[in-house]
Amino acid sequence: MDSTGNVYVADTYNQRVQKFTSTGQFLTKWNGGGQIWGMAVDAAGNVYAANLFSMQIQKYSSTGTLLTKWGSPGEGDSQFNGPYGVAVDADGNVYVADTFNSRVQKFTSNGGFLAKWGSFGDGDGKFNSPRGVAVDSDGNVYVLDSNNARVQKFTSNGQFLTKWGSLGGGDGQFTNSGSGPTGIAVDGAGNVYVADYENNRIQKFTSTGQFGGKWGSFGSGDGQFRFPRAVAVGPDGNIYVADGNNDRIQVFSPP
């Protein structure tokens with residue numbers, strides 16, 4: 001979502017980005033040059049896309065003009081092994097969930113390396129296939145530590161703050177077989193929404209991890225999901241969900 005409510009969709013297997021109004025009217029599209037997974041939009045309307053094929057972050061204008069890109073395959077600074085998630089803070093800093101390197105990397109808006117944190121494991125500040133990342137208005141960073149079935153919260157420089165979640169289908173739990181939970185977003189009040197992929201639902205939490213509600217079940221009807229992959233919050237507070245295997249976007253009022 002951008003600040004005016006336009007919706008950008010990573011149309012992954014069509015290897016493109018599509019842009020819509022908040023009510024679903026088609027506006028434009030452009031070729032992503034590979035499988036685009038995570039996406040984010042900064043305050044100026046620039047679009048950041050995580051390209052899984054080229055192991056790069058690509059920065060576009062709001063109409064799809066490529067502005068810059070950075071990254072290559074590897075384990076070094078500014079290199080990636082499966083960049084699935086990307087987020088931008090209020091200062092324009094870019095955070096990337098470097099999934100199979102089990103870390104988060106932080107960059108300037110033009111790709112200058114700033115910091116990194118994380119390693120493989122299940123301790124505080126460690127990750128097992130982190131697939132989603134989101135930033136709140138205070139600059140705190142929420143990482144969807146998918147195969148550990150949890151969310152971890154950090155300061156903007158990677159200092160561990162708290163965590164929540166465990167394996168299962170109950171309230172506040174996530175599945176982790178296959179790809180685990182894949183999408184995370186934060187609203188203006190600091191509420192955290194997670195696309196709980198294999199549980200076919202969206203879960204809502206406070207900024208400290210207190211469970212605040214859920215919705216969804218498996219299916220193709222209104223309010224049902226077939227593996228929801230991503231979630232975003234619009235400037236109007238509505239919740240937009242990429243309903244993966246139903247090949248659609250669903251919009252919900254805030255719970």
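Five bridges join strand S2 (residues 16–20) to S3 in the antiparallel sense; two strands count as paired if DSSP finds at least two bridges between them. Strands are DSSP runs (E, at least two residues), numbered from the N terminus. Within this pairing, Gln 18 stands opposite Lys 29 in S3.

This is a predicted model, in which local features need pLDDT of at least 70 and side-chain atom pairs count only at pLDDT 80 or more, while totals for chains, interfaces and linings use all residues. Residues are numbered from 1 along each chain as its sequence is written, and side-chain values use heavy atoms, with hydrogens and water left out.

S2 belongs to an open sheet of three strands in the order S1-S2-S3, with antiparallel pairing. Strand S1 (7–11) and strand S3 (26–31) are the edge strands, each with a single partner, so one side of each is left without a neighbour in the sheet. Neighbouring strands of this sheet are turned by 20° against each other on average, direction ignored; the axes are lines fitted to C-alpha atoms, and angles run from 0 to 180 degrees between N-to-C directions.

## The S6–S7 hairpin

Strand S6 (residues 56–60) pairs with strand S7 (residues 66–70) in the antiparallel sense over four bridges. Ile 57 stands opposite Trp 70 in S7. Five residues lie between the strands of this hairpin, where Gly 64 takes a positive phi near 100°.

Five of the five residues of strand S9 (residues 94–98) are buried, so S9 is largely enclosed by the rest of the structure. Buried means under 20% relative accessible area, exposed over 50%, and partly exposed in between (1.4 Å probe, protein chains only). Val 94, Val 96 and Asp 98 cover one side, Tyr 95 and Ala 97 the other, and all are buried.

S9 pairs with strand S8 (residues 83–88) in the antiparallel sense over five bridges, with Ala 87 opposite Tyr 95. Their hairpin has five residues between the strands, and Gly 92 takes a positive phi near 90°. Five bridges also join S9 to strand S10 (residues 103–107), again antiparallel; here Tyr 95 stands opposite Lys 106. The hairpin of S9 and S10 has four residues between the strands, and Ser 102 in the turn has a positive phi of about 55°.

## Strands S22 to S24

An open sheet of three strands runs in the order S22-S23-S24 with antiparallel pairing. Strand S22 (228–233) and strand S24 (248–252) stand at the edges. S22 and strand S23 (residues 239–243) pair over five bridges, and Val 231 stands opposite Val 241 in S23.
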